[in-house]
Amino acid sequence: MNYFDLTFYVFAIGAVVSAGMMVFSRNLIYCAVGLLFALASVAGIYVLLGADFLAATQLMVYVGGIVALLLFGIMLSVKFTGVELRTGTLQMLPGLMIAAGLFLLLVRMVFRTEWAVNQPGEMLPTTSTIGKRIMTDLLIPFEIASILLLVALIGAAYMARRERT
Amino acid sequence: MEALIQALQSQSAFFSQFSESLLALIFFVLFGLLFATVAAVCALVFVYLERKVSAHMQDRLGPMEVNTEIPVLKKIGHGWAQTLADAFKLLLKEDIIPDAADRRLHLIAPFILFAAVIAAFAVMPFGEKLVVSDMNIGVFFVLAITSFSVIGVILAGWASNNKWSLLGGMRSAAQIVSYEIPNGLVVLVIVMQVGSMRFNDIVIAQSGGILNWHVFQFFPLNLIAFIIAFLATLAEANRAPFDLPEAESELTAGFATEYSGFKWAIFYLSEYANMFLIGIFLSALFLGGWTSPFGSLFGGFFDQPGWQPIWIILKAVAIVFLQMWLRWTLPRLRVDQLMYTSWKVLTPFAFVAIFGVGLWMLL
């Protein structure tokens, strides 16, 4: 086992354990922290696969943005309104069935897919390739996504504006 | 990093008996420890510097008495051992955890903050060869990894279970998330000009003396970008005049109120390590990084590789001094003024800089 494998297993175990913490914890803030570590571990696996830009984007968007906002929301609702936010167990049987079905589907997919395994090699720069692809082949999805974001931005500004009476 | 290991293996029999991957692992751990130590020493020096700078700006002398009893070192005087004594005091203090605090999160919060700052040092260019990992996406990596610090601050505020801590954590989160936007935008200005996010490419693009530094290119657009970057990073480091998260007069010590002893020292350490990080980051982006300001003057003497770490550290310390100067000169902003500055002043000007530089490059 070389250090590539070792790092992979560290990140993989980290991702699984923190995902478990996210799902099984009753305390919402622990769930958010579990999500944080799960996302960060997955970012580590991206780096091992040579996708450094994707990993940094994952950290920037999810850790700096989404998890921070989640924590923000939980803090605002718990500490200021005094409502105890705890998750409970609801709909045990249907939940189990859906989870088992999804699990079987994923296992089937894992064994059916022909995985193209690349040997860990030289880390090649990915940013210029990504940029060129976005500006040529993937231009329309890119523009649609940016319009979607603009709409979301305007919507957020509209909802947050001060009501004039 | 790989070049260093291969050079060592070919030169000495001792290193060639180990495999390359094992050496890489050991080296990465060693460099991590090295940077943690550098950050600690940095904090010691900068805390002393801050006390002296603030004292002299207010026409006082600052710490003068603690000079140790060692005869030679005592001669230096000026209370040079004050922060050493303070550090020992902090290490010996009791570590108090409030009864109502969330013990686990209370424990990990300072370390998340510290790890975020130290991890960013991995891509900092102290010289052409003196960089742990000269990543292709270096600049973006710094922006991404430092976003962990906001999590540390929020968790510290939450876990302490104290209203001051919570308010401090909330303010800090709002502030860091807002100021990341102008900061990211002005970094884009430089990335556009160089066409690379690798720190060494950005620094090499500025070699050849002070006039080639990015601050003086595309006048005055890059100068505006530099000022925005300086203010935004100042706000992200929670330094005055943007130190609302730890405003002493209203929130005691903000998110760090319920911390004591070594854990509190970690917060302090991260703040000063972060200031140094910002100094290196800004000087690499705008002030020529490890290149000398003299270019080929003096027969290129100052351009020799041995000077590189000295130049970048000098520039970084100059920026840290500027941060301290502002802290002891300006009063603190109000919360609404803080948000106004970010969204209505810095962000539009950052867009102007991007647009202007883009147009200029096209013409």
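The lining has 14 residues, with B:T146, B:E236, B:N274, B:L277 and B:I278 nearest the centre. By class I noted eight nonpolar, five polar and one charged, with Ala, Val, Leu, Ile, Met, Phe, Trp, Tyr, Cys and Pro counted as nonpolar, Asp, Glu, Lys and Arg as charged, and the others, Gly among them, as polar. I recorded a volume of about 170 Å³ for this cavity, and the search of the whole structure finds one cavity of 30 Å³ or more.

For the terms, I worked on a 1 Å grid over the protein atoms alone: a cavity is a set of points where a 1.4 Å probe fits but cannot get out, a pocket is an open set with protein on both sides within 12 Å along at least five of seven lines, and lining residues have an atom within 4 Å of a point. Points are joined across faces, edges and corners, and a volume is the space filled by probe spheres set on them.

The model is predicted, so I kept its limits in view: local features need pLDDT of at least 70 and side-chain atom pairs pLDDT 80 or more, while totals for chains, interfaces and linings use all residues. Residues are numbered from 1 along each chain as its sequence is written, chains are lettered from A and ligands numbered from 1 in the order written, and side-chain values use heavy atoms, without hydrogens and water.

Next I turned to the second largest pocket, which holds about 2,400 Å³ of space. Its lining counts 44 residues, with A:M60, A:V61, A:L149, B:F140 and B:L185 nearest the centre. Helix 6 of chain A gives the most, ten residues.

Last, I checked the chain interface, where 30 residues of chain A are in contact (heavy atoms within 4.5 Å) with 29 residues of chain B. The two chains bury about 2,800 Å² between them, 82% of it on carbon and sulfur atoms, buried area being the accessible area (1.4 Å probe) lost on being put together, summed over both parts.

Key
Helix = DSSP H or I, 4+ residues; strand = E, 2+ residues; numbered from the N terminus.
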